[in-house]
Each structure stands twice: as structure tokens, then as C-alpha cells.
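Here are my notes on the model you sent. They cover a metal site and a helix pair.

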Amino acid sequence: MAGPSPVAPLAHAPLIAPSILSADFARLADETAAVAGADWLHVDVMDNHFVPNLTLGLPVVESLLKVTDIPMDCHLMIDDPKRWAPSYAEAGAYNVTFHAEATDDPISVARDIRAAGAKAGLSVKPGTPIEPYLEILRDFDTLLVMSVEPGFGGQKFIAEVLPKVALVRNLVDAGELTLVVEIDGGINDETIEAAAAAGVDCFVAGSAVYNTADPGAAVAALRRQAAAASPHLVL
Ligand code: DX5
Ligand code: ZN
């Protein structure tokens, strides 16, 4: 006799998170308005220590929060997140993600972010394995898998990170973790289907959104493409 049929994982809509790293920094309010239909607004904070690039920090995030209703997804590529991350949550960011490689005590940083009112995200660089972090992912709301080396937009997608996505997708679908699985780097119309098929929920896209004539239309097109590529995603 056949055993019980496996329970199909619940399908949900793909989340598209445009990264303003590829926007015009002199016109950030307009560039944010141009992606009004986006699910999350991805804001890359870089400190020129954790990564070899410098972008923006809390004052710009606070100003942006005043001009948009899109939930803000702050990606902190910084040293010492224990010191800095809670301020982004207090300012009103929806999700605050920091890097596993930047702290010895990720659980305590996650607790501080949640206590300050935001969802907590953990990010891993392409070369960082996920297995050592599986247990502590229970303390997080988001896992951000980097599919380029953090620091710059417009780089080539590293497909070798997709097994990390698939591993965590299986744990989420089995009910062992409750997490948004997010991917960041090199996502465009040639790579989003593979990421969706591996089990991504939330797709960050910088150059593929902002290096186009119509960023809002690019968001909608990526969302449709992701939804069509994976049974766990629907429109
Ligand atoms: C890179 C940033 C990304 C970047 C992605 O360190 O974390 O969010 O904006 O840009 P694209 O989509 O162009 O690879
Ligand atoms: Zn990012």
C-alpha cells in the first residue's frame, strides 16, 4: 500500500527587492518611487572595512524611511553589527540583515534587532558554508545567501551557492525552520529562474532593475519570471 502522500509546501508570491545600490544616489527619493510596486527596498550599507566599498549609513536610511512605504530591507556589510544593527531597527527598517562572518555572537545580534522592532536576517558570503549556522537559523527571520562577493553591484551570478538555498528550502518546507530565503547578487532575467527553482523566496536585484528605462516594469517582469519557474512561488 502506498504511504501517505507528501504534504505539498504552501506556495506564496515571490518577493522582489530592488537594490538602490544601482540607483542614482542624488535622486534616491525619486528612484525609490520608481519601484513603488516592489515588495522590499534593499539598502546596502557598506563600511569600507567589512567590504572594500563605502555607501551610506543610518542618516540616509532615516531620510529614506520618511519618503517610502516600501518595507526596508537593510543589508549591513559592516564590522561590529552588535554595535550598529539595532539602530537600523529602531529607525524603522522592516528587516535588518548582518553578516555571519562579521560577528562571533550572531544570536545576540538577532535578539537585539528583534527587540528593537525589526525582523532579523543572517547573510553568508558565497564561500561560507551554511551547515554551521543551521541550528541558529531558528533565531532568524531571513537568510540572505550572497551570490556574488559582497561589495559591488553588477557582478556575475555565482550559481555554486544554490545548493545552500536548496538545503534551507527543504528545512523550511519540512517545517523545521520559518525563514524567508533571500538571494543577492547577479539576479537578472538569465539567472532568476535557477534561483527560484532552488527555492528562493526573495530576490534582490540592483542593476537588473535600475539599469533599465523602467525600473517598475523590471520589478514586475522579474516577479512573473520567478513565479513561473518554481512550484513554491505563485503570482
Ligand atoms: C552587493 C550588494 C547587492 C547589489 C546587487 O554587495 O549586496 O545588493 O546591489 O547588485 P546586482 O543585482 O547588480 O548584482
Ligand atoms: Zn545587498
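**Notes on the zinc site and a helix pair**

1. With angles of 71 to 172° among its 6 donor atoms, the site of the zinc ion (ligand 2) is octahedral. Six donors count as octahedral if opposite donors are over 155 degrees apart and all others between 65 and 115. Ideal angles for six octahedral donors are 90 or 180 degrees.

2. This is a predicted model, in which local features need pLDDT of at least 70, side-chain atom pairs count only at pLDDT 80 or more, and totals for chains, interfaces and linings use all residues. Residues are numbered from 1 along each chain as its sequence is written, chains are lettered from A and ligands numbered from 1 in the order written, and side-chain values use heavy atoms, without hydrogens and water.

3. H42 (NE2), D44 (OD), H75 (ND1) and D184 (OD) coordinate the zinc ion (ligand 2) at 2.0 to 2.3 Å. Donors are N, O and S atoms within 2.8 Å of the metal (3.2 Å for Na, K and Ca); water is not among the atoms, so sites may look incomplete.

4. The donor spacing in sequence is H-x1-D-x30-H-x108-D. H42 in strand β2 (residues 41-46) and D184 in strand β7 (residues 180-184) are 142 residues apart; strands are DSSP runs (E) of at least two residues, helices (H or I) of at least four, numbered from the N terminus. Both H42 and D184 are buried, meaning under 20% relative accessible area with a 1.4 Å probe, protein chains only.

5. P81, K82, A85, P86 and A89 in α3 meet S108, V109, D112 and I113 in α4, where contact means heavy atoms within 4.5 Å.

Technical notes. Tetrahedral: all angles 85-135°; square planar, octahedral: opposite > 155°, others 65-115°. Buried < 20%, exposed > 50% of the residue type's maximum accessible area, 1.4 Å probe, protein only.
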